[in-house]
Amino acid sequence: MTAATLFGLCGAALVGFGLYGLVTNPEPLRKILAFNLLGSGVFLVFGVVSRRAAASGLGGDPVPQAMVITAIVVAFAATAMAIALVLRLLQETGRSTLSADNPGGTDTDRGNS
Amino acid sequence: MPDANVLPDATTTDGALLVLAIVLPAAGVLLSFVLGGRYAERIASVLLPSGLFLATIIFADVWQSGHPLIYIVGDWKPPLGIALRADGLSAAMMVAMAIVICAVAIFAHADFGTRPGSVEARAPFAFWILLMAIWGAMNMVFLGGDLFTLYVAIELLTFAAVPLVCLDGRAETLQAALRYLLFALLGSILYLVGTALLYGSYATLDIVLLSRQVRMEPATLVAATLMTIGLFAKTALFPLHLWLPPAHAGAPAAASAVLSAVVVKGSFFIVVRLWFDVMPGMLGAAGAQLFGALGAAAIVFGSVVALQQQRLKLLIAYSTVAQIGYLFLMFPLALDTAAQLQGGGALTGGMLQAISHATAKAAMFMAAGLIYATLGHDRIAELGGAARALPMTIFAFALGGVSLIGLPPSGGFLAKWLLLEAAVATGQWWWAIVMLAGGLFTSGYMFIVLSSAVAPSSEPLKLRVAVPRYQEAAALALALTSLLLGLVALGPVDILLVGRPDSMMVGPR
């Protein structure tokens, strides 16, 4: 088994765990963590793609490396935004769940001008 | 015309306009941060009309020359560099979205305007910056020439759209924004996996280069499936629509209009790019029927739930779920006998549906916002007398509904006519039944709202505020645009097919 295959399988496993966690966990914070796990798996796959596409004598194809840097920045920004929303929700309601029976309920006015 | 499959990979004259369309909004956002919140609206009020002007020039250019505009960034050619391309689809969508965003900006002046001498407030500052960011991200979605640029664009769009949902900071809007963000993150990461797999297989993500190399093989199919599911989550296609109604209904009226009219079209546009441009021969009959079935389910489900709503904004939001379904009916209808997706009447109909829904739905959300501001509620059963208090607004709402139902001469009529024609031509009568049933449902919920609004009120209406005339005019102007969109059949409707790589091809490649 080559290193690329090993890392590829690791990436696939991380993607699987992350996807499972993102879909099954009801807690927003756990969903965000699962999203990061999923993201790490994808970044690893990018690394494998870069290694496999490398010309002889080179460590890796630079284009996927450039992409993965961008993707990491995007995932970081997304995580920061999600955490900020969770914190704000916690401040407003004292809870941070996504369940529908939560704040406001259906009796208050949902629309806004 | 030369072989349309081989696009000249060089910067065309006026190609620099494409860069301007992306740089201007970004500059506006940065300038707003530097100068501070009190200037954000002024900057937007200069830049948004110039954006419309720019989009119009690009549209005229593409229409007259009959060729796409291309700009090679930094003169580095794909596959190493990045190309920006404006074909007919991009140009038409750019103009439509610029019109909607400008109308929303006029409408939003009342709610998010900067009064002279007032202190800097958070919500207006955020709103104008986010509006410019959405405009820039949409332009990038329309112009991006490779799948990774499109990934960055769709992320920018999401990051600009999510805060718009919770501008007022109430708990339920925060929750709606968080749910929207989580759906969008799942969608974007699935899309990213797809790009990694495609790059691993073909060593390029450029749309034109990829379309020449792409083969039917497991990695490609997995990549395309993951990307499509991710984009469906972002477009809120049934059954991944759960985030949309609370998010769109809870936002302030101007924000709802942008979210419903503009933002969902971004990810839809990338679905079109992916299947029509990158891999037109890969969807196959079964995949196309599945897309159509999801669309049909969205139409039926969205309409039935819309009929049961008690509140106007939620009704309009569920109507968006239903109207998104129509966009996906074009996939089975665009499939030719060789199982290639062809850019013909069905594609034109689908894109016209996207444009006419954008204008009509923005007008309807604005009208709902004005009704809410005036009456202090948006309970449909208690709208009595609204037509007397706000005749122009109710008229705009009704005109928007006319376009959604698809009565002539509206854009919705032309779009559904083209789709019906394609359904008859390809012998797929079942999609025609879905479309006609959807029209009936739409007339049903429009009738419920309008009959309630024109009914006399049981007690004298207590009007909370007098809404400014220009807000009503902005809604009416968009509704009229949507109504008269059907008349483009006499004019530039063919522009949608400019630069289609497959429109000139005969038979399978």
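The legends below describe several close-up views of a predicted model.

**View 1. Chain B as a whole.**
In this predicted model, the secondary structure of chain B amounts to 19 helices and two strands. Its C-alpha atoms occupy a box of roughly 70 × 55 × 40 Å along the principal axes. A compact globule of 509 residues would have a radius of gyration near 23 Å, and the 22 Å of chain B agrees with this. Of the 509 residues in chain B, 64% are buried. When contacts between residues at least 6 apart in the sequence of chain B are considered, 81% of them join residues that are at least 24 apart.

**View 2. The contact between chain A and chain B.**
The contact draws 38 residues from chain B and 37 residues from chain A. On the side of chain B that touches chain A, the elements giving two or more residues are helix 5 (147–165), helix 6 (171–202), helix 9 (244–250), helix 12 (312–328) and helix 14 (345–375) of chain B. Helix 6 of chain B provides the largest share of that side, with 17 residues. Sorted by class, the side of chain B that touches chain A holds 25 nonpolar, five polar and eight charged residues.

**View 3. Val15(A) and the residues around it.**
Val15(A) belongs to helix 1 (residues 3–24) of chain A. With 22 other C-beta atoms within 10 Å, and 20 or more being the mark of burial, Val15(A) is buried. Leaving aside residues up to four places away in sequence, Val15(A) touches Leu38(A), Gly41(A) and Val42(A), and also Val193(B) from the other chain. Phe76(A) is 61 residues from Val15(A) along the chain, and the C-alpha atoms of these two residues are separated by 17 Å.

**View 4. Helix 1 of chain B, with its kink.**
The 20 residues of helix 1 (residues 16–35) of chain B should span 28 Å at 1.5 Å a residue, and the end C-alpha atoms are 27 Å apart, which agrees. Within helix 1 of chain B there is a kink of about 25° at Val23(B), shortly before the proline Pro25(B). Pro25(B) is itself one of the buried residues of this helix, which also include Leu18(B), Ala21(B), Ile22(B) and Leu24(B). The buried residues of helix 1 of chain B pack against helix 2 (37–65), strand 1 (69–72), strand 2 (83–86) and helix 4 (122–143) of chain B. Just after helix 1 of chain B comes Gly36(B), with a positive phi of about 100°.

**View 5. The two strands of chain B.**
Strand 1 and strand 2 of chain B run antiparallel and are joined by four bridges. In this pairing, Tyr71(B) stands opposite Leu84(B) of strand 2. In a regular strand the side chains alternate between the two faces of the sheet. In strand 2 of chain B, Ala83(B) and Arg85(B) point one way, while Leu84(B) and Ala86(B) point the other way, and all are buried.

**View 6. Helix 19 of chain B and its neighbours.**
Helix 19 (residues 469–484) of chain B has 16 residues and reaches 22 Å from its first C-alpha to its last, close to the 22 Å expected at 1.5 Å a residue. Its buried residues include Gln471(B), Glu472(B), Ala474(B), Leu476(B), Leu478(B), Thr481(B) and Leu483(B). The buried residues of helix 19 pack against helix 3 (88–112), helix 14, helix 16 and helix 17 of chain B.

**View 7. Backbone details in the loops of chain B.**
Most residues other than glycine have a negative phi, and most peptide bonds are trans. Ala203(B), although not a glycine, has a positive phi of about 60°, and lies in the loop between helix 6 and helix 7 (207–213) of chain B. Ala236(B), also not a glycine, has a positive phi near 65°, and is placed in the loop between helix 8 and helix 9 of chain B. Ala203(B) is partly exposed, with 17 other C-beta atoms within 10 Å, whereas Ala236(B) is buried, with 30 such atoms within 10 Å.

The loop between helix 8 (218–235) and helix 9 of chain B also holds Pro239(B), and the peptide bond from Phe238(B) to Pro239(B) is cis, with omega near 0°. Another cis peptide bond, with omega about 5°, joins Pro408(B) and Pro409(B). Pro409(B) lies in the loop between helix 16 (391–405) and helix 17 (411–425) of chain B.

Terms used. Residues are numbered from 1 along each chain as its sequence is written. Chains are lettered from A and ligands numbered from 1 in the order in which they are written. This is a predicted model: local features need pLDDT of at least 70, side-chain atom pairs count only at pLDDT 80 or more; totals for chains, interfaces and linings use all residues. Two residues are in contact if their C-beta atoms, placed from the backbone, lie within 7 Å. Ala, Val, Leu, Ile, Met, Phe, Trp, Tyr, Cys and Pro count as nonpolar, Asp, Glu, Lys and Arg as charged, and the others, Gly among them, as polar. A residue is buried if 20 or more other C-beta atoms lie within 10 Å of its own, exposed if 12 or fewer, and partly exposed in between; C-beta atoms are placed from the backbone. The radius of gyration is taken over C-alpha atoms; the globule rule is 2.2 Å times the number of residues to the power 0.38. The expected span of a helix is 1.5 Å times one less than its number of residues. The bend at a residue is the angle between axes fitted to the seven residues ending there and the seven starting there. Two strands pair if DSSP finds at least two bridges between them.
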